[in-house]
Amino acid sequence: AVVSTQSTGDRCMYSEDLPPVDLLVRTSGEVRLSDYMMWQANFAVLQFARVLWPDFGFLHFVSSLLDYQRQQPRLAELRERYGEFLEKMRDWEVRGMEEGSEGRQEEFCVELKRRRREVLEEFARRE
C-alpha cells in the first residue's frame, strides 16, 4: 500500500507541525537557498538581504515585511492556482521513491508539460 505524502514526506521534516513559510529572508547577499526549506518555501516570498545576520536590523525587517505585503496578493493567487498541482507532484515523487515506479515519472512529465503549456498560453493572451 502507498503511504500518503502527508504521512511520509512531511512527517519526516522538522517543520511537520508548522504552517507554510510565507516569507524567507536570506542574509549575506547570497542569492540562493542552498536547498534550505525547498518544499516548505515553495510559495514563499524570497528576500535576499545584502547584510550579514548580526547586522540585520529593524529597518531591514520592516523592508522585508513591506516587500511581502506588496507580493502577498500574487502569492495567494499562485497558491490557489498551483497548490493542488504541487501537492500532486510531491505525492508522485514520494510514491516513486516508495515504489520505484518509472510509469509515474512519465505520467508526471506529461502533466508538467501540459501545465507549462497552459501557463505560457495564458501569459501570451495577456500580452
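Mentor: Contact here means heavy atoms within 4.5 Å. The model is a predicted one. Leaving out residues up to four places away in sequence, leucine 86 touches Asn42 and Phe43. Both Leu86 and Phe43 belong to the largest nonpolar core, which has seven residues. Helix α2 supplies four residues, the largest share of the core. Another core, of five residues, lies apart from it, and includes Val21, Leu24, Leu33 and Ala41.

Glutamine 47 is placed in strand β2, which covers residues 45–48. Its relative accessible area is 16%, and buried means under 20%, so glutamine 47 counts as buried. The side chain of glutamine 47 forms a polar contact with the side chain of aspartate 67, at 2.8 Å. Aspartate 67 is also in the list of residues that glutamine 47 touches, again leaving out those up to four places away in sequence. That list also holds Leu23, Leu24, Val25, Arg26, Ser63 and Ser64.

Now the surface. Phenylalanine 58 lies in helix α2, which runs over residues 58–99. Phenylalanine 58 has a relative accessibility of 61%, and exposed means over 50%, so this residue counts as exposed. Together with Leu59, Phe61 and Leu65, Phe58 makes a nonpolar surface patch of about 450 Å².

Definitions and conventions:
Residues are numbered from 1 along each chain as its sequence is written. This is a predicted model: local features need pLDDT of at least 70, side-chain atom pairs count only at pLDDT 80 or more; totals for chains, interfaces and linings use all residues. Side-chain values use heavy atoms; hydrogens and water are left out. Patches are made of residues with over 30% relative accessible area and no salt bridge: like charges are joined within 9 Å, nonpolar side chains (Val, Leu, Ile, Met, Phe, Trp, Tyr) within 5 Å. Accessible areas come from the Shrake-Rupley method with a 1.4 Å probe; for residues, only the protein chains shown count as cover. A salt bridge is a side-chain nitrogen of Lys or Arg within 4 Å of a carboxyl oxygen of Asp or Glu. Helices (H or I, at least four residues) and strands (E, at least two) are DSSP runs, numbered from the N terminus. Buried means under 20% relative accessible area, exposed over 50%, partly exposed in between (1.4 Å probe, protein chains only). A nonpolar core is a set of buried Ala, Val, Leu, Ile, Met, Phe, Trp, Tyr and Cys residues joined through side-chain atoms within 4.5 Å. A polar contact is a pair of N or O atoms within 3.5 Å; within protein, one must be able to donate a hydrogen and the other to accept it, and residues adjacent in sequence count only if both atoms are side-chain atoms.
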